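Here is a structure to read alongside some questions. Please look through it before going on.

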Amino acid sequence: MTLEDLLDQRGVVSVWQWSVPHAGRSFGTPTIRHAAGRTSPELAELGAIYMELLAHLANFEASLLDRRSAGLEFSPVEAIAFEGSRYSVVATGNRVAVVLDNRERPDFWELSESMSRTEDSPP
Amino acid sequence: MASNTEPPAPDGQERLRELLSIPGVVGAGKWQISRDPHFHLVRYEVEIGDLSGPVGWWISNFSEINLMVTEAQTIDYDNETRTRSFHPPRMLLLRGKSLSLLTHANRVYAILDNARRPDVWHVATRLEEIL
């Protein structure tokens with residue numbers, strides 16, 4: 001599955017993929033590898049920065065919840081999403097994000113699994 | 001530290017309990033912010049389902065932080081696009097390994113069992129009904 005293929009999924013209006021330098025412990029500024037659909041370089045970069053931040057937060061939280069509970073398995077966080085007033089944003093662990101039109105009510109589970117299977121775009 | 005000693009409103013607790021009738025919803029809770037001007041505490045109110053101990057308190061704290069980040073994020077998106085397309089956010093979802101956390105902006109959350117793939121849009125709407 002390519003990044004463009006995601007645009008064929010119900011409700012998806014834009015997609016982008018990013019990478020971070022020195023992935024791991026250090027925090028680098030995300031670099032957009034590819035973007036498609038109704039987006040702009042500025043919006044894609046903003047989305048990458050915010051979703052990267054949320055993903056770090058979410059992974060930290062999930063690991064702590066796992067440690068503080070018996071039998072819960074939140075970690076690792078595989079996808080994060082928020083529903084905005086008209087559009088939503090979903091991001092997956094392979095640093096792919098999509099903007100969704102809320103009126104289409106796409107299947108979150110199916111979509112996030114497709115996103116996780118997306119091939120890396122060339123830098 | 002947060003307190004969970006105050007009894008929740010019966011109606012709210014009953015509505016939270018009703019969430020468990022949705023296939024795939026295994027827990028739910030609600031919290032609120034202290035109005036004390038000196039202490040910005042998160043107060044965990046209700047937790048039901050297969051969760052126990054302080055987990056609901058942690059979830060409430062984390063959800064409050066996540067909602068703040070999401071709030072700022074959507075304002076910036078709207079500024080960037082010069083639209084009102086993202087703000088205000090309604091819900092936030094973290095998909096974990098086996099469980100997911102669905103948080104509504106009105107400070108209610110549900111824990112989802114990923115294997116049962118509940119309809120996220122439907123659960124968010126039901127969460128919205130709990131004030």
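Predicted model: local features only at pLDDT ≥ 70, side-chain atom pairs only at ≥ 80, totals over all residues.

Residues are numbered from 1 along each chain as its sequence is written, chains are lettered from A and ligands numbered from 1 in the order in which they are written, and side-chain values use heavy atoms, with hydrogens and water left out.

Me: What area is buried between chain B and chain A?
Reply: The size of an interface is often given as the accessible area lost when the parts come together. Buried area is that loss (1.4 Å probe), summed over both parts. Here carbon and sulfur atoms give 65% of the area, and the total is about 4000 Å².

Me: Which element of chain B gives the most residues to the side that touches chain A?
Reply: Contact means heavy atoms within 4.5 Å, and the contact takes 44 residues from chain A and 43 residues from chain B. Helices (H or I, at least four residues) and strands (E, at least two) are DSSP runs, numbered from the N terminus. With 15 residues, the element that gives the most on the chain B side is helix 2.

Me: Which residue of chain A forms a salt bridge with B:Arg90?
Reply: A salt bridge is a side-chain nitrogen of Lys or Arg within 4 Å of a carboxyl oxygen of Asp or Glu. Between chain B and chain A the count is five. For B:Arg90, the closest N and O atoms are 2.8 Å apart, and the partner is A:Glu83.

Me: Which residue in strand 3 of chain B is the bridge partner of A:Ile80?
Reply: Two strands pair if DSSP finds at least two bridges between them. Strand 3 of chain A and strand 3 of chain B run antiparallel and are joined by five bridges. In strand 3 of chain B, the partner of A:Ile80 is B:Leu94.

Me: Is B:Arg82 buried or exposed?
Reply: B:Arg82 lies in the loop between helix 2 and strand 3 of chain B, and has a positive phi of about 55° although it is not a glycine. Buried means under 20% relative accessible area, exposed over 50%, and partly exposed in between (1.4 Å probe, protein chains only). At a relative accessible area of 79%, B:Arg82 is exposed.

Me: Which residue does a cis peptide bond join to A:Ser75?
Reply: Most peptide bonds are trans. This one is cis, with omega about 0°, and joins A:Ser75 to A:Pro76.

Conventions
Buried area = accessible area lost by both parts, 1.4 Å probe.
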